[in-house]
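Let's walk through this structure together, one step at a time. Keep the 3D view open while you read.

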There are 4 protein chains.
Amino acid sequence: MIPRYSRPEMVRIWEPENKFRIWFEIEAHACDAQAELGVIPKEAAKAVWERGAFDIPRIDEIEREVKHDVIAFLTSLAEHVGEEARFVHQGMTSSDVLDTCLAVQLKQAADLLIEDVDKVLAALERRAFEYKDTPTIGRSHGIHAEPVTFGLKLAGYHAEFQRARARLVAARDEIATCAISGAVGTFANIDPRVEEHVAEKLGLKPEPVSTQVIPRDRHAMFFAVLGVVASSVERLAVEIRHLQRSEVYEAEEYFSPGQKGSSAMPHKRNPVLTENLTGLARVVRGYVTPAMENVALWHERDISHSSVERMIGPDATIVLDFALNRLAGVVDKLVVYPERMMANLDALGGLVHSQRVLLALTKKGVSREDAYRLVQRNAMPVWRGEGQFIDLLKADPEVTARLSDAEIEGLFDLGYHMAQVDTIFRRVFGRA
Amino acid sequence: MIPRYSRPEMVRIWEPENKFRIWFEIEAHACDAQAELGVIPKEAAKAVWERGAFDIPRIDEIEREVKHDVIAFLTSLAEHVGEEARFVHQGMTSSDVLDTCLAVQLKQAADLLIEDVDKVLAALERRAFEYKDTPTIGRSHGIHAEPVTFGLKLAGYHAEFQRARARLVAARDEIATCAISGAVGTFANIDPRVEEHVAEKLGLKPEPVSTQVIPRDRHAMFFAVLGVVASSVERLAVEIRHLQRSEVYEAEEYFSPGQKGSSAMPHKRNPVLTENLTGLARVVRGYVTPAMENVALWHERDISHSSVERMIGPDATIVLDFALNRLAGVVDKLVVYPERMMANLDALGGLVHSQRVLLALTKKGVSREDAYRLVQRNAMPVWRGEGQFIDLLKADPEVTARLSDAEIEGLFDLGYHMAQVDTIFRRVFGRA
Amino acid sequence: MIPRYSRPEMVRIWEPENKFRIWFEIEAHACDAQAELGVIPKEAAKAVWERGAFDIPRIDEIEREVKHDVIAFLTSLAEHVGEEARFVHQGMTSSDVLDTCLAVQLKQAADLLIEDVDKVLAALERRAFEYKDTPTIGRSHGIHAEPVTFGLKLAGYHAEFQRARARLVAARDEIATCAISGAVGTFANIDPRVEEHVAEKLGLKPEPVSTQVIPRDRHAMFFAVLGVVASSVERLAVEIRHLQRSEVYEAEEYFSPGQKGSSAMPHKRNPVLTENLTGLARVVRGYVTPAMENVALWHERDISHSSVERMIGPDATIVLDFALNRLAGVVDKLVVYPERMMANLDALGGLVHSQRVLLALTKKGVSREDAYRLVQRNAMPVWRGEGQFIDLLKADPEVTARLSDAEIEGLFDLGYHMAQVDTIFRRVFGRA
Amino acid sequence: MIPRYSRPEMVRIWEPENKFRIWFEIEAHACDAQAELGVIPKEAAKAVWERGAFDIPRIDEIEREVKHDVIAFLTSLAEHVGEEARFVHQGMTSSDVLDTCLAVQLKQAADLLIEDVDKVLAALERRAFEYKDTPTIGRSHGIHAEPVTFGLKLAGYHAEFQRARARLVAARDEIATCAISGAVGTFANIDPRVEEHVAEKLGLKPEPVSTQVIPRDRHAMFFAVLGVVASSVERLAVEIRHLQRSEVYEAEEYFSPGQKGSSAMPHKRNPVLTENLTGLARVVRGYVTPAMENVALWHERDISHSSVERMIGPDATIVLDFALNRLAGVVDKLVVYPERMMANLDALGGLVHSQRVLLALTKKGVSREDAYRLVQRNAMPVWRGEGQFIDLLKADPEVTARLSDAEIEGLFDLGYHMAQVDTIFRRVFGRA
């Protein structure tokens, strides 16, 4: 995680201040439950809330000696709470604190990512309606296929980010569990009701079986979802990069006054934001496999997952948060060139209507195979710059034997392709 | 996919026979809808169902010429249906057939994988209750921690495979969509009601926006789930491999009469099945990133995903299906050695009770830090083989100033750790 | 590995016939060395060579019973050799045979891949010289930058595949080792000279320390190289896909008569081969991480790597072999449109010469910052379709104060950019 | 990259100070060459060296406006150099600076990593000789196989890290190239001799063909090597974790006085360093695929690789540097328990000698199959705790018909397995 690709909202979740604050809350809520159960004095629980505090430099100092972060934290806490501190953490193990804290952090991160996706969705919806009826060429294999509208393209991305949102909600549920079950998850030294109490206070569910740790298949699933969402970011980023290519030039990232595209070539205006998003998607995807390798911990746990999570926990969420926000901005400010879209659409001499001609011929009784051959033989010369498709068709006796000139011209109507745009918009947005 | 790691049930889904059968059904159902809408003659739709057939060698032959599989299939179909065949596939594009077919295949595969997980769950549940009260040592970091029961271990895996099942159900929903929307998804040449009809007949939902293809974020999510499930397989496999280690030897894969463990060393009995599962998990995880790289197709589609899916579609599902079945068998027939578990549990001179001693001392008013120091200084000599933990405690005046011999002995009671086993079983199985 | 993406030359390497042939040679050569050392009778070694044979169905049959492939092979071998067979495999362990065999197979595969790269290199060299002086626009960020030649582009790919070749040669060396060291690599039951003899006969080097197995860091490195080579395949494939885009259309995959680009749109000519290569690259890269996960085998070995290698060994080499051959064919038959290249180059109103104008201004004493501003303000209107770059410059008094019209015109000379093409060709091909 | 897993030596390479220092040197050396060629005044080159300086906060300030880091740097440089600054960077493009700088940084990083590996090698060599003759059980599949020595184990790791070293040297060569070739690599505005001069001064080779950027297959190969080296780190880490398992307990990470293994269980001594290394290996491997995805940049370059490299450049090298140093320390201070090794070796009732018995029987004329059956039937009861292997053999008439008691006893000699230790040591260390 580097400042260049970080937003403070997400960085804050991963800062020591937030982590130790959550640790404190876990311990203090646990004390409440323990006091309620009569395991520790009520005054002790009260003292923790009242005098409980932590001092990060002090914690760091202690950790350098004992080489154990939770013990360092507890020692620092004890220095503030005083004698009652000996009731803190009773029957608990470090992982009860660490894993429940990570659950809270990942839940906070998921909340932010869902907000981010909502920004992307809002920008996509606004621009989709803006260009609902703007014709543009649909491309398969990078080759002109048939007309679509630019709004329709954006609607497709909206549907994809709706799925991204649903996946993030599911991923948040996956990791929002609490474990306060002791050294090997048996609750030998702590009542399960403590776990239930802390879970409720922190907005988590109790983990059904924790084995010192919360099982890592949950985290693997969480990071896998981030990888899929990042891949959706990439798809839209690549679309925009393609649209901005010099030869296509149908849309362009906003280029601010004073911006320089190249140190050497003053004419350059490059899609650097979406290129950047393409790279960030690779980075987020790169964290998925380590998260999956973390699942097979030994027996009741080993700690190999910890170093991985210390890095990919912040990095994956910070980078994806940044990427989603950048993407929302790009979509919001995207400069769109409808005239250029129309020019490109027209550039292939009407070839994009080849299917309609094919269908029209079959409706006139030509076999599919023969119709295909007829249309193809009039299309291929157009690629070689040897005339317009419509003219070639009108000059082909086998075609004109079936279709009049007027009928042929009717097949080149753009509106024909837009007939179901409203239907699709209603599917995606519930309105058209 | 190689025969060694394949079950016929899953292989069948990916065979040409099943694929062309689904293609035929898509085309035939589409004809029904088209006929109902009056787009094609009802006799044509009827003819397709009645005379429709395909001939795989013939399809292969045609494909070699036209280099296009769907066209080859349609040509072969036309040879059976006759003249009415020209109404088949009208307004559709190859991807309508290919992607909807893939959705059906992945749905069939998911159904089978869910059945497989159910076998694993059944085996785990049976064995978990069998060993519900069998004490064994819980280990963190590979080091003895505190006692658990073997049933509790298995209950934890059961909870994990319950999650695996839920994820597979969600993954199945992700990919169970139908696209019959034409060349670039505009329905220009085909009524959306055709899509709705085919979807319903095949147990799919219509894809809200398809852009020639069903968006690949769905498939990425599907394969990501397979990767997570495979990682859970690995966790249980690694557990069993550890339990079978010569020094641990608490459980063992079933070793059949006539089996040979090594060509050189006749004494060997190796956990080869779970080692194999460890490797298979790596293989399945390896398919996740290619599936994610498939998301960012160009514009309305490019075909780069196709070669990837031709391989990872069958391979990932076949390997995971095989792995889950092998795992169910391993769990089912696992040979468990409770006496050995008890011997291991006892091997560390009672060290595993150190936390209870710590807690007992704090309850007697010793600060957590002092108690920790007291217990640790009596524990460390045991690692060096210098006595039993209980004896050392009884000989430490600072300990005996707080705890009587009887109190110390009471802290070494195994039953103490089993108190919440029923609670946990009820969480997992709904019964105890 | 599926027939669609397989060439028989590579498939043969992975077929049982080749594997058992290599096993036989390992055993027979080992017998020779053992006989030479006096460990076994010379007649025994002779009998193995003379009567040694294997019968694959019989091996399969035995394996179903003993569940051990090497034992099955040896049993079948014994059925042919007769009594002397008891001297075969003496002091050896299965992995001696399996791992040395895998080394031979990977070496054979590497040889083939190197041949494949040579085909790619030959095609690239021929086409590079063909288009050495064909101007085309160089693009950064997908945006026109400055002119290059098409031959120069191809020379860059040639240099990259020279590196691919060198990496494959190094990868071949990595895995070309022989281990005949017994059950845990101590040579307790077999003289190291046996290993040396077999290594020499098979063109391998003895593995310095094998621990039953040849260490898997070697194989990880091998598959990592395949992943890098596949990524280079992808780069060239993506280049061609870009060049074939309808708006660019500077080059095109060969489209054979009779070929159909789309079942629905008869006009389509799609870059399906290079799209396919893009997907195959993802597949090969997907095998890299499993190969790396294979490194950390337990102690002297576990067998988790085996299932991975049974799949990725054939799959990675077969797919890459296919991809390289396909790529060589694509380059060889690529249809190139120099006129279109020139038209695209000219399409931006001369913007591509902006750097030369910038440099000319600085040479006239304008500061870099001022010169940048001057050029940029005349370039940006061109993007908006508001005139030709050269005209705008000539109309800008601040520019004309420094540069005459003739000087400005001189800056728009295409030949200027070609001056070092020969230099670069000499670097790459050793000739220009 | 987080401080917890960072060493200042490697962090420094990635800090702005070092980066801008390298940028400055590239520009200044280029000015020298340009002056030598008469392209710019010699005084200008002199002025750059004499007055050249940069001010990081000022660069950051400018970058916020122009959104281009190299332009920001050049502007800051110009503020120090004065008027002659207009000769700086002439004919160059940003990537000339950025990519050559990255080459220098990766080369510096590689140098450090090679030093790190040397520390690992030194520690392994020292400990290998220390335990050259210490018997320990060799394990395959986690199951006792046959005796080895602990020094032999370490020698195997030494050989692996020798390979790691050679791979790092090769990887360093891969990325140590210089590109000063202008906007699209044509040298249109800069003489190739400038590149040659800068390359020589910085200890790099000129890149044969750069297309604005140095081709990313080089970097992919570099990071792939880091992934393989990290996997070797993992293998040794996993070995140590296994050896420290409570039931095995043959070696142990150094546990410092004052250290606490668990907040809850004072008796714990966990292999946390090697568990940590296991996790760090996953992290480094996770960067390999993004690096490979960076290869297929569009045309002469796009900038998607940049964000990836900004993260994985520092992260991969910093983490691996930390891991190698930690590993060297672990090996150096590893606490080894030879008595425990011997006890484990003896624990299986002599089963580990089964192969020798097998071989002895075949030498007496028993067929391999019969001998195997004979040995196996006496070995299996030992697993079930039903006697010592040697006793069972002596009581089996079919065995005793071939082997006398004395002969059987001779087969249980440990020294037999150590005969070739010196041979192997000489292969690895060149001495024994």
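Two residues count as being in contact when their C-beta atoms, placed from the backbone, lie within 7 Å. With that in hand, look at where chains D and B meet: 34 residues of chain D are in contact with 34 residues of chain B.

Before going on, some housekeeping. This is a predicted model, in which local features need pLDDT of at least 70, side-chain atom pairs count only at pLDDT 80 or more, and totals for chains, interfaces and linings use all residues. Residues are numbered from 1 along each chain as its sequence is written, while chains are lettered from A and ligands numbered from 1 in the order in which they are written.

Back to chain D. Helices (H or I, at least four residues) and strands (E, at least two) are DSSP runs, numbered from the N terminus. On the side of chain D that touches chain B, at least two residues each come from strand 2 (143-149), helix 9 (217-244), helix 10 (272-286), helix 14 (354-363) and helix 15 (368-383) of chain D. Helix 15 of chain D gives the most to this side, with 5 residues. Sorted by class, the side of chain D that touches chain B has 15 nonpolar, 12 polar and 7 charged residues. Here Ala, Val, Leu, Ile, Met, Phe, Trp, Tyr, Cys and Pro count as nonpolar, Asp, Glu, Lys and Arg as charged, and the others, Gly among them, as polar.

Next, zoom in on chain B. In its helix 3 (residues 42-51), Ala44(B), Ala45(B), Ala47(B) and Val48(B) are buried, that is, 20 or more other C-beta atoms lie within 10 Å of their own. These residues cover an arc of only 160 degrees around the axis, so they sit on the same side of helix 3 of chain B; the arc is that of the directions from the helix axis to the C-beta atoms. What covers them includes helix 2 (16-36) and helix 5 (69-81) of chain B.

Finally, turn to chain A. Its domain assignment gives domain 1 (93-183 + 212-348 + 418-432) and domain 2 (351-411), with bounds that come from an automatic or database domain assignment. The C-alpha centres of these two domains of chain A lie 42 Å apart. Their contact takes 7 residues from domain 1 of chain A and 4 residues from domain 2 of chain A. Strand 2 (residues 143-149) of chain A gives the most to the domain 1 side of that contact, with 4 residues.

Notes. Buried ≥ 20, exposed ≤ 12 C-beta atoms within 10 Å, placed from the backbone.
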